[in-house]
Amino acid sequence: MPTMRAFQFDDVQGGLQSRTIPRPRPEQGQVIIQVTAAGLCHSDCIILQDDQYSMIMKRPIVLGHEVAGTIVELGPGVSDYEIGDRVVAGIPTHPVAEDSLSKAVGLGYDGGYAEQTMAWVQNLIRIPSAVSFAQAAVATDSIATAYHAVVTEGHVGPDSTVAIVGLGGLGLSAIQIAGLRGARVYAVDIDESKFPLARDLGAVGCANGLDQFHDIVFDTVVDVAGAGITTAAAVNAVKPCGRVIAVGLVAKQMSLDTHALITRNITLQGSIGSSLDELKEVLRLIADGRLSPVLEEIAFDSIPQGLERLVEGKVTGRLFTNPTTVSNRP
């Protein structure tokens, strides 16, 4: 049986393990993708740290849910795609469906930290010719999640004043997306070294905390950091009848000023993932050159170290790897 290198997760104690496993085989309505780019996401860091995290549906599981590559094998009944097609495996979380996670690459079944992965045809999107595999991979979660938070949940438009809290890959994408919507965008992060890039991407002001923008009235605050205190600060910073969009998953719990939330009629909205239509729109924006992901490639064998950098906040933009450069040897 043909084998391949992959990074599997069993439990927190064992962590991420480099293993040789059988290559996937497609069943009805499935294809096999030769993975050309796999993005590293902070969600995988949470999986590696928390055995109670409910997003993964099987163990052991090959992690990696930002996946782009080329179809190399078709399962029975697949007629809409051909071998050689460049595709991304989307993670459709909207509209919400009971089986959405079970058919999500890297969450419901083995993902992209491997040379090949299986994908359901219903979740595939062809990659526009002007979009690279790496750009397409990170679009599936990092950028599409930012798009959903800013546009669909945040209702950001031309007259909006917006704060983006947390300047990792998702936050930097959110700055660009809010700017494309015509909003006036401010950026917040504890790491001031990220401010020049945030300004280059469209932020008109940067600070270590929302409370430093004394004279700014925010219509919407998108909390990508999700550190608990950041969401609490957002509730107090947004205008009456404003919106706070909670995206980050760092803290399990938060303490809020309920008096401010209620008496100022603040909307606190959770936001996760995106729809396939939103992912298609993101790919169009990248293809048109209006949206430019900030990317850094790392070696396949460096995935564990890359995830550690994410935990430590030492990543600017989005990390990705190319598993096709790895041999089949353990």
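# A tour of the predicted model

The structure holds four aromatic pairs; rings of Phe, Tyr and Trp (its six-membered ring) pair if their centres lie within 6.5 Å, with planes under 30 degrees apart counted as stacked, over 60 as edge-to-face and the rest as tilted. This is a predicted model, in which local features need pLDDT of at least 70 and side-chain atom pairs count only at pLDDT 80 or more, while totals for chains, interfaces and linings use all residues. Residues are numbered from 1 along each chain as its sequence is written, and side-chain values use heavy atoms, with hydrogens and water left out.

**Stop 1: ring pairs**

Select Phe7 and Phe300. Their ring centres are 5.2 Å apart and their planes are at 50°, so the pair is tilted. The two residues are 293 positions apart in the chain: Phe7 belongs to strand 1 (residues 3–9), and Phe300 to the loop between strand 15 (295–298) and helix 8 (303–311). Helices (H or I, at least four residues) and strands (E, at least two) are DSSP runs, numbered from the N terminus. Phe7 and Phe300 are both buried, where buried means under 20% relative accessible area, exposed over 50%, and partly exposed in between (1.4 Å probe, protein chains only).

Next, select Tyr186 and Phe213. Here the centres lie 5.1 Å apart with the planes at 65°, so the pair is edge-to-face. Tyr186 is in strand 10 (residues 184–188) and Phe213 is in the loop between strand 11 (205–207) and strand 12 (218–223), a separation of 27 residues. Both residues are buried.

**Stop 2: charges over rings**

Show Arg86 with Phe133. The charged end of Arg86 sits over the ring of Phe133, 4.5 Å from its centre. The criterion is that NZ of Lys or CZ of Arg is within 6 Å of the ring centre and within 35 degrees of the ring normal. Lys103 and Trp120 also meet this criterion, with the charged end of Lys103 placed over the ring of Trp120 at 4.3 Å from its centre.

**Stop 3**

An open sheet of three strands has the order 2-1-4, with antiparallel pairing; two strands pair if DSSP finds at least two bridges between them. Which strands stand at the edges? Strand 2 (16–22) and strand 4 (61–62) do, each with a single partner strand, so one side of each is left without a neighbour in the sheet. Strand 1 and strand 2 are joined by seven bridges in the antiparallel sense, and Phe9 stands opposite Leu16 in strand 2.

Now colour strand 5 (residues 66–74). Strand 3 is joined to strand 5 by eight bridges, and the two run antiparallel. Val31 is placed opposite Leu74 in strand 5. Strand 5 also pairs with strand 6 (residues 86–89), in the antiparallel sense over three bridges. There, Ala68 has Val88 in strand 6 as its bridge partner.

Within strand 3 (residues 30–39), pick Gln34. Gln34 is partly exposed, with a relative accessible area of 22%.

**Stop 4**

Select Pro24, Arg25, Tyr109, Asp110 and Met118, which lie nearest the centre of the second largest pocket among its 17 lining residues. On a 1 Å grid over the protein atoms alone, a cavity is a set of points where a 1.4 Å probe fits but cannot get out, and a pocket is an open set with protein on both sides within 12 Å along at least five of seven lines; lining residues have an atom within 4 Å of a point. The pocket has a volume of about 190 Å³; grid points are joined across faces, edges and corners, and a volume is the space filled by probe spheres set on the points. Strand 2 and strand 7 (116–120) are the elements that give two or more residues to this lining, and strand 7 gives the most, with three. By class, the lining has eight nonpolar, four polar and five charged residues. Ala, Val, Leu, Ile, Met, Phe, Trp, Tyr, Cys and Pro count as nonpolar, Asp, Glu, Lys and Arg as charged, and the others, Gly among them, as polar.

**Stop 5: the cavity**

A search of the whole structure finds one cavity of 30 Å³ or more. The volume of the largest cavity is about 60 Å³. To display its lining, select Val138, Ser142, Ile143, Gly169, Leu172, Ser173, Gln176, Ser292, Pro293, Val294, Gly317 and Arg318. Helix 3 (169–180) and helix 2 (133–153) each supply at least two of the lining residues; helix 3 has the largest share, four residues. This lining divides into five nonpolar, six polar and one charged residues.
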